[in-house]
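Please look over the notes below with the structure open beside you.

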Amino acid sequence: MLVEWISFEQKCKGFKTIYRRITLEATARAHEPVVVLVKERDKRVGAGTERGDAPVSVNYFPSRKCNYACGFCFHTDTSSFVLPIHEAKRGLLLLTEAGMRKLNIAGGEPFLYPQLLTELLQYCKEELGVESISIVSNGSKIREKWMRENCQWLDILAVSCDSFNPETNKQIGRGDDGGNVVRLFRIAEWCRQYGVKFKLNTVVNTHNWDEDMAANIEKLAPFRWKVFQCLIVAGENDDETRKRDARSFLVTDEQWRNFCDRHKHLPCYVPEDNNSMASSYLLLDEYMCFLDKGEGMVTKSESILKVGVKEAMKQVVWDKTSFVERGGIYDWTSSDPAQQSACNSGDKGKELEW
C-alpha cells in the first residue's frame, strides 16, 4: 500500500531531474517500509526558474496568418511575417532559461505551417526539455499523419469550436464547409489514439450563448473545456476600421451567466470572463515581442531577441495573481492513451494506482 509520494529535484550540469520518492508499507516479505525512486523527467534549469517573475507559461503566436475569418478574433491577420526557424529557437531557449515550463503555440492557424510546428516541438522537448507543449488550432488543417509522427513531442492539442450547429459556425466565420464538428470528433479520437490530451476552446458570443452543448461535450470528452466570454481588444477588433469588428458579437453579463449556468456541472468546464482574461496571459507575437492586451490599446515590448526576457517582461503587464486564479497552472503533461476524460467519466483521476 502507498504510504508516501514526494517529488524532489536533483540539479546537475544545467539540468534538473525530477524524482518521485514512493514509500510502500512494510509487508511480510519486507519488514521495513520500501522506498522507491522513480526518475520522472529531465528539465533544463534556467536563471529565472526559482524566481517569482519567471515566465512560467507563454503563449507564442509564430504567425498571424489564418484560413478562417471569425468575426470576434482579437489576434488578426495584420502581418505575414514568420520568424526564421533559427531565431525562433533562440527565443525559445531564452524563455526556457528564464523559467518557462509550458509553451502554447497559437495563431493565426499554426497548422498552416506543419513543418515549422514539427521543428519547434522537437527542439523544445528534446533540446530544451520544456515540460509541456500545447497547440491551439481551428482543426481544419490537422492530419492524422502529422499526429502520428509528432505525438511524442505534443502534450495537449486544443481545437476551437463555438457551436455544434454547422450553420452557427458559418455565421461566426469558422469556415464555410460546415465540417467543423465532424473534424472535431475525428481529432479527439486521434488524440486518444496517440496519447495527446484533447482540449476544447469555445467563445461565447451572440450566435451561441443560448445553445446547450452539454450532451455533445460529454460525447466529445475533452479533458479541459475552456469557455471564453467574447472580448474586445482595442486596436484589434474594436471598430469598423479594424480587420475585425467584434462589437456585434458581445454578450451581456446575463447571457454569459446563462451559458455558464447551463454547463457548469461538467467537470471539464473552465470559464473565463473578460476580467479573468485581461493581462493574465503572457502573449508573444511573431517578432517575439510580449503583447499587453489588458487595458486600453494593445501595447508591445521590445523583442526578447533584442533585449532579453527579463527586460521585455518589464515593458508589459502580466497579472500573475489572475493567471493563478483563472487556473493557469494545471495538469498539463501528456496523457496515457487509455486514461478517461473528466467530462466522459466524471472522475478527475487518481494520482497513482497500484
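1. Two strands count as paired if DSSP finds at least two bridges between them. In this predicted model, strand E8 (residues 197-204) pairs with E9 in the parallel sense, over six bridges. One of the contacts to find is Val-203, whose bridge partner in E9 is Phe-228.

2. Strand E9 also pairs with strand E10 (residues 269-272): the two run parallel and are joined by four bridges. Here Lys-226 stands opposite Val-270 in E10.

3. How does the chain get from E9 to E10? The path goes through helix H7 (residues 253-263), and this β-α-β crossover is right-handed. E8, helix H6 (residues 214-220) and E9 likewise make a right-handed β-α-β unit.

4. Is strand E9 mostly covered or mostly open? Strand E9 (residues 224-229) is mostly covered, with six of its six residues buried. In a regular strand, side chains alternate between the two faces of the sheet. Arg-224, Lys-226 and Phe-228 point one way from E9, whereas Trp-225, Val-227 and Gln-229 point the other way.

5. The largest nonpolar core has 67 residues, and Leu-157, Trp-225 and Phe-290 touch the most other members. Helix H5 (residues 180-194) supplies the largest share of this core, seven residues. Apart from it lies another core, of 19 residues, including Phe-61 and Val-203.

6. Phe-290 deserves a separate look. Leaving aside residues up to four places away in sequence, its contacts include Leu-95, Leu-282, Ile-304, Met-313 and Val-316. Thr-299, Lys-300 and Ser-301 are also among the residues that Phe-290 touches.

Notes:
Residues numbered from 1 in each chain as written. Predicted model: local features only at pLDDT ≥ 70, side-chain atom pairs only at ≥ 80, totals over all residues. Heavy atoms only, no water. Buried < 20%, exposed > 50% of the residue type's maximum accessible area, 1.4 Å probe, protein only. Right-handed = clockwise from strand over helix to strand, strands pointing away. Core = buried A, V, L, I, M, F, W, Y, C linked by side-chain atoms within 4.5 Å. Contact = heavy atoms within 4.5 Å.
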